[in-house]
Amino acid sequence: MQAAPPPNVFESVATTGQEEFTLDTAAELAAEEGATQIQGKSPWVLAGRRLRRNYVALAFLGVFLLVVVCCLLAPVYVSQVSHIPQNDVRTGAVVVVSGKKVNVISQGGTKIVNGQPVIKFGGVPIGSQWGAAGGKYILGADELGRDVATRLLYGGRNSLFIGITSAAICTILSVVLALVSAYFGGIVDWIISRFFDLIWAFPVVLLGIALGTALSVNGFHHGPINISSGSLWIPIGVISFVFIPYIGRPLRGQVLALRNREFIEAATAQGAGPVRIMFSELLPNVASSVLVLFTLIVANSILTEVGLSFLGAGVQLPNPSWGTMIQEGSRLLSTAPQISLFPGIAIALTVLSLNVFGDGLRDALDPRAKIRIEHG
Amino acid sequence: MRSKRGTSVAIAAVVAAGLALVVSACGGGSSGGSNNTTSAPAGKTFPTLKVVWGTTDYLDPGLSYRLASWQLFQDVYLGLVVKAHVSCQTDNCAKIEPGLATTTGKVTDGGKDFEFTLRKGIKYSNGEPVKASDFKATIIRDFKLNSPGIGFFSNIVGVDACEANPTKCSDISGIVTDDTAGTVEIKLKTPESDFLYILSIPFTAVVPASTPQKDTENPPPAANGPYYITSYNPSKSFTIKRNPNWKKNEIPAVPNGNPDTIQGTMTDDQSQSAQLVASGQYMYNQNLLPVDRLSFYKQKYPDQIKFFTTPSTYYFFMNTRLAPFDNLKARQAVNYAIDRQQLVNLRGGLGVPTWNFLPPSYPQYKKITPTPYPYDLQKAKQLVQQSGTAGQKVTVYTISDVAVDLSTGEYLQSQLNKIGWKASLKPIAGANYFTIVGNQSTKAQIGFTDWFEDFPYPSDWFNVLLNGERITKVHNNNYGNVDVKSANKEMNRLASLPPDQALSASTNAAWAKVDRTLIVDHAAVAPYLNGILTSFFSSKMNPDCDVFTDNQDDLAQFCLK
């Protein structure tokens with residue numbers, strides 16, 4: 001028996017805020033791929049098949065996974081390779097490089113001779129050693145003698161953790177709000193839509209800085225929630241919040257279009273309640289969009305985290321993140337560019353890989369969709 | 001005063017300063033017609049001086065307690081007396097000279113009564129005449145502003161009501177003025193050896209009585225010096241122009257100034273500031289050069305950079321009212337845990353490690369020997385254990401936008417973690433930092449601070465910074481709330497000696513003992529270096545004109561090649 005496509009999944013037309021959003025029908029896909037090839041295949045299987053054919057997207061997925069795995073292995077790197085913890089300040093340390101003892105930070109000082117200062121300049125960290133120092137300082141040291149490679153990996157853990165977690169929280173909140181808003185309509189829809197508009201009215205970075213700075217002073221302490229100012233949950237909360245309308249608004253549009261379709265009426269006639277309709281009927285029909293939006297929002301969340309941390313409103317020093325590392329390294333760009341350079345490369349690789357994979361995923365799930373995350 | 005510049009300096013001429021104190025305060029005073037004029041030759045004037053400046057807290061002389069502001073004030077806001085505008089490298093820069101007053105004052109009643117007569121015809125930049133009553137109004141305004149300088153006035157007769165309720169201050173009976181005669185009489189409760197110096201700092205710089213009794217910044221209060229501030233955009237820019245009402249050479253000790261206009265751009269980014277001057281867009285960099293590029297700049301611009309020692313001490317305050325630093329062993333642990341040589345190195349080498357609170361340029365300085373707290377992490381750990389405070393949370397405060405201060409804070413936080421506390425870092429923007437940590441409600445536990453002398457006498461260090469009787473709720477300078485009763489008593493005694501005893505050998509030894517007591521017996525603070533400052537000029541400027549007074553370059557005397 002030929003599997004009937006789930007009703008309306010690829011047929012809905014919704015408004016995504018500023019541009020029209022169109023999904024394919026299964027029939028159109030069949031026409032593109034040949035009816036016999038899709039016979040008996042679910043849309044997910046078909047999407048998987050298309051994704052597997054997109055080697056560029058898969059390659060960048062591989063790059064992203066490689067970055068994630070490297071960052072997850074940071075403790076192993078410290079225990080087996082560098083032996084320098086992420087926040088360990090070693091200003092006076094000496095390291096053996098190719099058999100010679102070298103100061104991690106060049107040593108200087110001042111002597112007063114006849115009332116005049118005689119200065120020996122110091123304070124410049126060693127550069128990348130690439131293994132000449134027995135695994136230590138492979139990517140060099142920062143101004144406090146900390147191992148850049150170690151901080152790069154731990155910084156990546158923080159940046160990725162914040163990016164992925166905030167994207168997940170943002171997606172969950174957005175989906176719930178979009179479903180509730182579109183399903184109930186009326187005053188509920190008006191309130192939630194205005195809430196989306198309110199956040200949308202502020203540029204993401206500006207709102208993020210405002211919230212991040214305010215919360216990083218004393219943390220968040222309301223009712224049972226106590227988050228200290230240096231906690232990673234502060235940037236996670238901020239980033240989750242500022243991106244809500246960027247997922248919520250397009251999803252609300254899609255759900256609105258599905259709200260009055262026959263399969264919803266059928267479910268209602270069978271006695272299904274609002275919660276069941278929203279999460280068992282409507283949600284599966286927008287799942288592909290949610291998935292694509294999630295991958296794109298992860299990249300944006302990582303970028304936002306980096307930006308906020310660079311400006312001091314995200315991850316708090318001395319904890320590393322790619323953003324704080326670039327910020328710290330920016331004042332030593334001339335003499336120790338490695339401090340900023342490697343986190344910059346890591347960010348570029350991660351965001352590029354997520355975006356390319358996200359585009360591939362979108363093409364696979366819905367070759368004609370126009371989902372984009374755009375923000376000011 | 002505090003600085004964000006990074007490092008400080010030692011001055012060679014401070015020894016002579018004390019002598020000036022005695023000479024000046026012993027009555028008579030030098031005449032206003034002193035031949036020690038610093039007026040610039042007319043041929044050195046030029047239209048515009050463009051400078052890069054560090055951000056500051058306020059640009060109101062009643063409120064600011066920062067080097068960046070005071071450097072501008074020296075040619076804008078004058079007091080009854082002024083510090084000599086001469087180089088500490090070549091002259092006695094600690095000398096007090098007549099400012100708005102005709103002499104350095106007549107001192108009577110055993111050092112308890114100071115009387116001054118104003119010069120005639122001096123006008124503010126807004127055209128108002130400078131009146132004797134403006135001095136009293138200025139001091140009252142300081143109280144109403146809750147100025148960080150009001151502690152300097154506690155010895156004036158009749159100030160008690162103002163101290164009890166600063167914002168309601170309406171009169172100080174110990175200041176008697178006569179606008180007709182142009183006289184100002186200040187009566188003190190006890191003799192005060194440093195009072196003449198106090199009259200030379202910006203908190204006592206006279207502003208019109210009509211000045212609003214609130215933070216007045218754009219434009220700042222009317223000036224009585226050769227320049228006035230025409231505009232100020234906090235943390236961004238300022239413009240200073242010649243005071244149209246300044247008569248050439250009307251105060252011999254104050255230079256008429258070379259630039260007609262001074263345009264300042266404010267930033268704390270040391271790399272950016274240096275680059276702006278190196279590229280020739282600006283002519284002087286007030287910020288410290290970036291520490292990692294000192295060698296590069298010195299090599300590339302050898303004749304455009306100067307290094308100066310200043311009387312300053314960089315130290316960590318520890319709040320003795322809060323755990324764990326209410327415990328002596330905890331404070332000692334901090335002192336053992338910091339490697340002073342490494343803290344100097346964080347500043348690119350611009351500094352000399354110290355264990356004393358008082359800088360070595362003072363005649364009262366006596367190096368504490370043997371070194372009281374050699375770097376010893378194990379001992380620090382033991383002390384933390386013995387104090388019973390291991391595992392406690394500690395927040396380290398530091399300045400976020402000055403690279404070396406941030407690194408210093410990170411260093412301290414790391415060391416505190418190593419010795420058994422759970423330390424976190426609280427970076428705060430430099431423009432607000434000292435105001436925030438000086439507010440008791442912040443409950444700052446430990447953090448970075450520095451001190452550049454206001455005037456060259458130890459009372460400016462111990463009484464201002466470590467005297468428990470001068471702790472205030474806001475604008476507190478004693479961040480650690482250090483309150484050692486015996487030391488307070490001794491500081492008060494020494495500060496109230498008659499001027500002729502202020503620099504005696506026994507007095508100097510007594511100050512040195514206070515230093516030792518506070519550092520060795522009480523570990524009241526953790527001093528770590530006396531610093532060096534840099535002055536960087538563009539190729540258009542002639543660095544030979546530079547006059548570096550105790551803490552700063554005198555912009556008015558800059559000249560072109």
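Predicted model: local features only at pLDDT ≥ 70, side-chain atom pairs only at ≥ 80, totals over all residues.
In chain B, B:Phe317 stands opposite B:Val525 in strand 18 of chain B, and these two residues belong to an antiparallel pairing of strand 13 with strand 18 (residues 525–537) of chain B over four bridges; strands count as paired if DSSP finds at least two bridges between them. Residues are numbered from 1 along each chain as its sequence is written, chains are lettered from A and ligands numbered from 1 in the order in which they are written, and side-chain values use heavy atoms, with hydrogens and water left out.

Strands here are DSSP runs (E, at least two residues), and helices likewise (H or I, at least four), numbered from the N terminus. Strand 13 of chain B also pairs in the antiparallel sense with strand 17 (residues 446–452) of chain B, over seven bridges, and there B:Tyr314 stands opposite B:Asp450.

What about burial, meaning under 20% relative accessible area, with exposed over 50% and partly exposed in between (1.4 Å probe, protein chains only)? Seven of the seven residues of strand 13 (residues 312–318) of chain B are buried, so the strand is largely enclosed by the rest of the structure. Both of its faces are covered, with B:Tyr314 among the buried residues on one side and B:Phe317 among those on the other.

Elsewhere in chain B, an open sheet of four strands has the order 4-5-7-6, with antiparallel pairing. Strand 4 (106–108) and strand 6 (175–178) of chain B stand at its edges, each with a single partner strand, so one side of each is left without a neighbour in the sheet.
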